[in-house]
Amino acid sequence: MLLPFHYKVYESAPLATFVNIFLKIIGVSLLVAGIPLLFEADGPIAIVLVAVGVCFLILGNVLGNVLARRKVKKLYGKDGSKLKKLIPMKETVTEENGVKTTKTVPDIVEGMLNPPAKITICRDKGHYAMAVKIEYFVNQKPVGKLRMRETATIQTMQAVNTVSAVLGSGDLGKQLEFVVRPGEEVIIHYSAYTFMDIERH
């Protein structure tokens, strides 16, 4: 649980991170100014400062979350359509008691891929962490440190894979699961630490 005085870093929304930290700084400053006055003659003023400070701390979390949710919807669509592309689907027909039913199921090959699939990580142009090389991982293994407009390519024999980026804090970011098919070439687009899209060829 995120406590009111802890700041939060939103991977996909730098503006939300800035707002969260900025409001927390204001809140902490008001608390630092108000708490010592509680033990002096200016009790009412101190109570107001402390109350407003707490409000700013809580507002930092609330407003940061709202901005982050809006950014995610803008990136991936309200229905998460871009994220849905990570798992290809296929229609299958099953028959039970003479009744045929069509179902949409994940298109996942069992066992090892033959031939293997090719995965390319492409770091697109963006306005965040422009001067920083960012390291990307596939299946928790490093594939390269990329500047903007650079790519790194590997092969995999796994149908189900994961991709992630190392955050500015040095921690491994959220892992996204995606599926590839035999002989398929996929290009996964990132803008800094944020997944943007996936192409299949």
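Arg 149 is exposed, with a relative accessible area of 62%. In this predicted model, Arg 149 sits in the loop between β5 (141–146) and β6. Its phi is positive, about 70 degrees, although Arg 149 is not a glycine.

Ala 192 also has a positive phi, near 55 degrees, and is likewise a residue other than glycine. Ala 192 belongs to the loop between β9 and β10. Is Ala 192 buried or exposed? Its relative accessibility is 3%. The cut-off for buried is under 20%, so Ala 192 counts as buried.

A cis peptide bond runs from Asn 114 to Pro 115, with omega near 0 degrees. Pro 115 lies in the loop between β2 and β3.

## Overall architecture

The protein has three helices and ten strands. From the N terminus, the order is α-α-α-β-β-β-β-β-β-β-β-β-β. Of its 201 residues, 34% count as buried.

Among contacts with a separation of 6 or more, 54% join residues 24 or more positions apart. The accessible surface comes to about 12400 Å². Carbon and sulfur atoms hold 60% of that surface.

## The nonpolar core

In soluble globular proteins, nonpolar side chains tend to be buried together. Here, the largest nonpolar core has 24 residues. Those with the most contacts inside this core are Ile 119, Ile 121, Val 163, Phe 178, Ile 188 and Tyr 190. Which elements give two or more residues to the core? They are β3 (117–123), β4 (134–138), β7 (160–165), β8 (176–179), β9 (185–191) and β10 (194–200).

Leaving out residues up to four places away in sequence, Ile 121 touches Tyr 136, Val 138, Val 143, Leu 146, Glu 150, Thr 151, Ala 152, Val 163, Ile 188 and Tyr 190. Among these partners, Val 163, Ile 188 and Tyr 190 are themselves listed with the most contacts inside the core.

## A buried threonine

Thr 156 is found in strand β6 (residues 151–156). Its relative accessibility is 5%, so Thr 156 counts as buried. The side chain of Thr 156 makes a polar contact with the side chain of Asn 161, at 3.0 Å.

Which residues does Thr 156 contact beyond its neighbours within four places in sequence? They are Leu 113, Pro 116, Ala 117, Ile 119, Asn 139, Asn 161 and Val 180. One of them, Ile 119, is listed among the core residues with the most contacts.

## Salt bridges

Side chains of opposite charge can pair when their charged atoms come close. How many salt bridges does a search of the whole structure find? It finds five. Lys 90, Asp 107, Arg 181, Glu 184 and Arg 200 are linked in a network of salt bridges.

Asp 107 and Lys 90 meet through their side chains at 4.0 Å, N to O. This pair links distant parts of the chain, 17 residues apart. Asp 107 lies in the loop between β2 (99–106) and β3, while Lys 90 lies in strand β1 (residues 89–96). Asp 107 is buried, with a relative accessible area of 16%. Lys 90 is partly exposed at 37% relative accessibility.

Glu 184 is buried, with a relative accessible area of 7%.

## A nonpolar surface patch

Some nonpolar side chains lie on the surface. Val 54, Ile 58, Leu 59, Val 62 and Leu 63 form a nonpolar patch there. Together these residues have about 380 Å² of accessible area.

Val 54 is found in helix α2 (residues 43–76). Its relative accessibility is 36%, so Val 54 counts as partly exposed.

Note on methods: Residues are numbered from 1 along each chain as its sequence is written. This is a predicted model: local features need pLDDT of at least 70, side-chain atom pairs count only at pLDDT 80 or more; totals for chains, interfaces and linings use all residues. Side-chain values use heavy atoms; hydrogens and water are left out. Helices (H or I, at least four residues) and strands (E, at least two) are DSSP runs, numbered from the N terminus. Buried means under 20% relative accessible area, exposed over 50%, partly exposed in between (1.4 Å probe, protein chains only). Contact means heavy atoms within 4.5 Å. Accessible areas come from the Shrake-Rupley method with a 1.4 Å probe; for residues, only the protein chains shown count as cover. Patches are made of residues with over 30% relative accessible area and no salt bridge: like charges are joined within 9 Å, nonpolar side chains (Val, Leu, Ile, Met, Phe, Trp, Tyr) within 5 Å. A polar contact is a pair of N or O atoms within 3.5 Å; within protein, one must be able to donate a hydrogen and the other to accept it, and residues adjacent in sequence count only if both atoms are side-chain atoms. A nonpolar core is a set of buried Ala, Val, Leu, Ile, Met, Phe, Trp, Tyr and Cys residues joined through side-chain atoms within 4.5 Å.
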